[in-house]
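Subject: Structure for you to look at

Hello,

Here is the structure I promised to pass on. Please open it and keep it in view while you read.

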Amino acid sequence: MLIGQILAGKGRDVVSTRPDATIAEVAKLLKARRIGAVVVMDAGGALCGIISERDLARGLADHGAKLLDMRVSQLMTAEVVTCSPDDGLDRLMKQMTEGRFRHLPVIQDGKMVGIISIGDVVKHRLQELETEAHMLHDYIAGGA
Ligand code: AMP
């Protein structure tokens, strides 16, 4: 299965924030949208980072309550790994496992066209496995 097919089902909505937003604002955004990460866009609309709940947890351990007033730019990961709609699910699983992250923005022709989370990956992989199991079952039942 290709990432483009997954995006066609889930939509291309990507929640973003700005580098100068506060961590308190990001925490509220994550809660309101029920997501685990947001991409960071600069004033020109270019992708300049990603910040996830894991950054907030680490930040709390490092900075304590001061964390809430810190800026996104101070905690985000600036080197964002991305994928393409033409990538396969297997490649994405490998990237997430090796990179130890659970979110991948999808880029097409230099523009962000969606984001894939580990939740999307697990959901679609399960669907693939179920389809394969049904096909095998029908094959075996047909041959009996
Ligand atoms: P996550 O597992 O997605 O919550 O993120 C774990 C860590 O990886 C955090 O420090 C994130 O900022 C970072 N991260 C998440 N997604 C990406 C990505 N696509 N590229 C680079 N770093 C990422």
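Below is what was found in it, from the overall build down to single residues.

First, the ground rules. This is a predicted model, where local features need pLDDT of at least 70, side-chain atom pairs count only at pLDDT 80 or more, and totals for chains, interfaces and linings use all residues. Residues are numbered from 1 along each chain as its sequence is written, and side-chain values use heavy atoms, with hydrogens and water left out.

Overall build

The protein has six helices and five strands. Helices (H or I, at least four residues) and strands (E, at least two) are DSSP runs, numbered from the N terminus. From that end, the order is α-β-α-β-β-α-α-α-β-β-α. The radius of gyration is 18 Å, well over the 15 Å that the globule rule gives for 144 residues, so the protein is more spread out than a compact globule. (That radius is taken over C-alpha atoms; the rule is 2.2 Å times the number of residues to the power 0.38.) Along the principal axes, the C-alpha atoms fill a box of roughly 70 × 35 × 25 Å.

Buried residues make up 33% of the 144 residues. Buried means under 20% relative accessible area, exposed over 50%, and partly exposed in between (1.4 Å probe, protein chains only). The accessible surface comes to about 9,000 Å², and 54% of it belongs to carbon and sulfur atoms. Such areas come from the Shrake-Rupley method with a 1.4 Å probe; for residues, only the protein chains shown count as cover.

Strand 2 and its partner

Look at strand 2, residues 37–41. Five of its five residues are buried, so the strand is largely enclosed by the rest of the structure. A37, V39 and M41 cover one side, and V38 and V40 the other. Strand 1 (residues 16–17) runs parallel to strand 2, joined by two bridges. Two strands pair if DSSP finds at least two bridges between them. T17 stands opposite V40.

Now follow the chain to A21, in the loop between strand 1 and helix 2 (23–33). A21 is buried, at 10% relative accessible area. Beyond its neighbours within four places in sequence, A21 is in contact (heavy atoms within 4.5 Å) with M70, R71 and V72. A21 and V72 are 51 residues apart in sequence, yet their C-alpha atoms are 5.7 Å apart.

Salt bridges

The whole structure holds seven salt bridges. Each is a side-chain nitrogen of Lys or Arg within 4 Å of a carboxyl oxygen of Asp or Glu. Here are some of them:

- R58 with D55, closest N and O atoms 3.7 Å apart. Both lie in helix 3 (residues 53–63), about one turn apart. D55 is buried, at 10% relative accessibility.
- R91 with D87, at 3.8 Å between the closest N and O atoms. D87 is buried, at 14%.
- K94 with E98, at 3.4 Å, N to O. Both lie in helix 5 (residues 89–99).

Helix 6

Helix 6 covers residues 118–143 and includes V122. V122 is partly exposed, at 45% relative accessibility. With I118, L126 and L129, V122 forms a nonpolar surface patch of about 330 Å² accessible area. Patch residues have over 30% relative accessible area and no salt bridge; like charges are joined within 9 Å, nonpolar side chains (Val, Leu, Ile, Met, Phe, Trp, Tyr) within 5 Å. E128 lies in helix 6 too. E128 is buried, at 17% relative accessibility, and touches M1 and L89, not counting residues up to four places away in sequence.

Best wishes
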